[in-house]
Amino acid sequence: MEAIECFILKEKLFLLITLQFLAKGEFYSEGGLVHGVSRSTVCVSVWQVARMPNCIGAVDGTLIPIIAPRVREDIYVCRKGYHAINVQAVVTPDMRFTDVVAQWPGSTHDNTIFENCGLKAWVEANNVGWLIGDAGYALKPNMLTPKIRPTTQQENAFNLAHSRTRMVVERAFGLLKSRFRCLHKTGGFFQITPEKAAKVFVVCAKLHNMCIDDAVVFDGQIHVAPDNAPPYIGALDPNAQRDRRAIIARF
């Protein structure tokens, strides 16, 4: 029992030290967690992959399992039937996390998180390029989504290129959860509050970025199924539709 208590104490101390040490990390996080660089320097890397122009990052949500909270337990039940928090993240081609929103219950739809985050306001105000999102997001001037029910060869080619570009965020989540099993169901459910689980995710994402910086080799990859949200159903921005048609015409 003493050994277990000692291990838990060391783990808590490690997380505390890591939070303090990484408080000025290289990505921006929301929700009163760990804030990094200013919004003006977020998503400045524009990349061209598979003929997808002006990509500033791939965005998606991922579910982090937790035990049932004592307060508002029902809103933490995710679409897969377990309690979780839903974390939104943006990644670059090298699977580096550049933006994290870790504050929403597991039942929250990915598009709802994006509509209510500071990143959305920033990309709209600065018009720096496209975020690449799956069909769970609404098509917007700064959010490029796949064509639902493609009917032409060009639309199918566009969707394939879009998928290949966007897959980097799913690979990043898979690598992150493989490195830090506490974020995956195979590592058990967090025995802590949603707020603390969110902080742990931010710490793990920062450590993940450090591993990329230091070229740390990891060969313990596990299969992590994507947490794709149901398709967005609603009105589409007409300007964004026009811009997407222009991109599809290139294929």
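## Close-up views of a predicted model

Asp 134 is buried, at a relative accessible area of 6%; here buried means under 20% relative accessible area, exposed over 50% and partly exposed in between, with a 1.4 Å probe and protein chains only. This is a predicted model, in which local features need pLDDT of at least 70 and side-chain atom pairs count only at pLDDT 80 or more, while totals for chains, interfaces and linings use all residues. Residues are numbered from 1 along each chain as its sequence is written, and side-chain values use heavy atoms, leaving out hydrogens and water.

**View 1. Asp 134 and its salt-bridge partner Arg 166.** Asp 134 forms a salt bridge with Arg 166, with 4.0 Å between the closest N and O atoms; a salt bridge is a side-chain nitrogen of Lys or Arg within 4 Å of a carboxyl oxygen of Asp or Glu. Asp 134 sits in the loop between S6 and S7 and Arg 166 in helix H4, so the pair ties together parts that are 32 residues apart in sequence. Helices (H or I, at least four residues) and strands (E, at least two) are DSSP runs, numbered from the N terminus. Arg 166 is buried too, with a relative accessible area of 8%. Widen the view, and a network of salt bridges links Asp 60, Asp 134, Arg 166 and Glu 170.

**View 2. Two further salt bridges, Glu 124 with Lys 120 and Asp 74 with Arg 72.** The whole structure holds 12 salt bridges. In the one between the side chains of Glu 124 and Lys 120, the N to O distance is 3.0 Å. These two residues are 4 apart in helix H3 (residues 118–126), which means that about one helical turn separates them. Glu 124 is partly exposed, at 42% relative accessibility, whereas Lys 120 is buried, at 14%. Asp 74 and Arg 72 also pair up, their closest N and O atoms being 4.0 Å apart, and both of these residues are exposed.

**View 3. The largest nonpolar core.** A nonpolar core is a set of buried Ala, Val, Leu, Ile, Met, Phe, Trp, Tyr and Cys residues joined through side-chain atoms within 4.5 Å. The largest one here has 28 residues, and Ile 85, Phe 97, Val 100, Leu 183 and Phe 201 have the most contacts inside it. At least two residues come from each of strand S3 (52–65), strand S4 (84–91), strand S5 (97–105), helix H4 (153–179) and helix H5 (194–213). H5 gives the largest share, 9 residues. A second, separate core has 14 residues, among them Val 101, Trp 104, Phe 114 and Leu 119.

**View 4. The surroundings of Phe 201.** Which residues does Phe 201 contact, leaving aside its neighbours within four places in sequence? They are Thr 62, Ile 64, Val 87, Val 100, Phe 173, Leu 176 and Leu 183. Contact means heavy atoms within 4.5 Å.

**View 5. Helix H6 and its two faces.** The buried residues of H6 (residues 238–248) are Ala 240, Arg 244, Ile 247 and Ile 248. Seen down the helix axis, they fall within an arc of 95°, so they line one face of H6; the arc is that of the directions from the helix axis to the C-beta atoms. The exposed residues Pro 238 and Arg 245 are on the face turned away from the buried side. Among the elements covering the buried residues are S3, strand S6 (130–132), strand S7 (143–144) and H4. At the N-terminal end, Asp 237 caps H6, with a side-chain oxygen 2.8 Å from the backbone nitrogen of Asn 239.

**View 6. Two histidines, His 83 and His 208.** His 83 is in the loop between S3 and S4 and is buried, with a relative accessible area of 17%. Its side chain makes a polar contact of 2.5 Å with that of Glu 73. A polar contact is a pair of N or O atoms within 3.5 Å; within protein, one must be able to donate a hydrogen and the other to accept it, and residues adjacent in sequence count only if both atoms are side-chain atoms. His 208, in helix H5, is buried at 0% relative accessibility. Not counting residues up to four places away in sequence, His 208 touches Met 95, Phe 97, Ala 172, Leu 175, Leu 176, Arg 179 and Phe 180.

**View 7. Positive phi at Met 95 and Ala 215.** Met 95, in the loop between S4 and S5, has a phi near 70°, a positive value in a residue other than glycine. Ala 215, in the loop between H5 and H6, has a positive phi as well, near 55°. Ala 215 is exposed, at 60% relative accessibility.
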